[in-house]
Amino acid sequence: FKTIGDIFGKDTMTIIFAFAGFGLLLMIISAGFTLLTSAGDAKKLESGKQRLTYAIVGFLVIFVAYWIVQLAGKIFGIAEIQSVFK
């Protein structure tokens with residue numbers, strides 16, 4: 001491997017983002033199920049809210065990290081970074 005682009009090619013990044021999206025979907029479904037089945041139990045309701053919050057924050061972290069890397073690649077003119085995500 002000569003460049004970062006060789007190690008983390010387009011296919012690798014696609015798979016990573018697909019797993020992240022699937023993980024987000026599972027977390028949201030799990031949180032929704034917990035909220036729906038809480039039946040007024042304050043602890044279970046709070047657990048569902050917390051899980052939903054963590055899922056959304058995790059998504060935002062992945063989304064922002066992607067765009068920061070894209071922005072850094074454009075600002076510093078790093079062609080390898082720009083080619084990985086295309």
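Here are a few notes on the aromatic rings in this predicted model.

1. First, some ground rules: local features need pLDDT of at least 70, side-chain atom pairs count only at pLDDT 80 or more, and totals for chains, interfaces and linings use all residues. Residues are numbered from 1 along each chain as its sequence is written, and side-chain values use heavy atoms, with hydrogens and water left out.

2. How many aromatic pairs does the structure hold? There are four, where a pair means that rings of Phe, Tyr or Trp (its six-membered ring) have centres within 6.5 Å. Planes under 30 degrees apart count as stacked, over 60 as edge-to-face and the rest as tilted.

3. Take Phe17 and Tyr66: they sit edge-to-face, 5.4 Å centre to centre, with 85 degrees between the planes. This pair links distant parts of the chain, as Phe17 belongs to helix H2 (residues 10-36) and Tyr66 to helix H3 (residues 42-76), 49 residues apart. Helices here are DSSP runs (H or I, at least four residues), numbered from the N terminus.

4. (Buried is under 20%, exposed over 50%, partly exposed in between, using a 1.4 Å probe and protein chains only.)

5. Phe63 and Trp67 make another edge-to-face pair, 6.3 Å centre to centre and 65 degrees between the planes. They are four residues apart in helix H3, so about one helical turn separates them. Phe63 is partly exposed at 43%, and Trp67 is partly exposed at 47%.

6. Putting it together, Phe17, Phe59, Phe63, Tyr66 and Trp67 form one aromatic cluster.

Conventions
Helix = DSSP H or I, 4+ residues; strand = E, 2+ residues; numbered from the N terminus.
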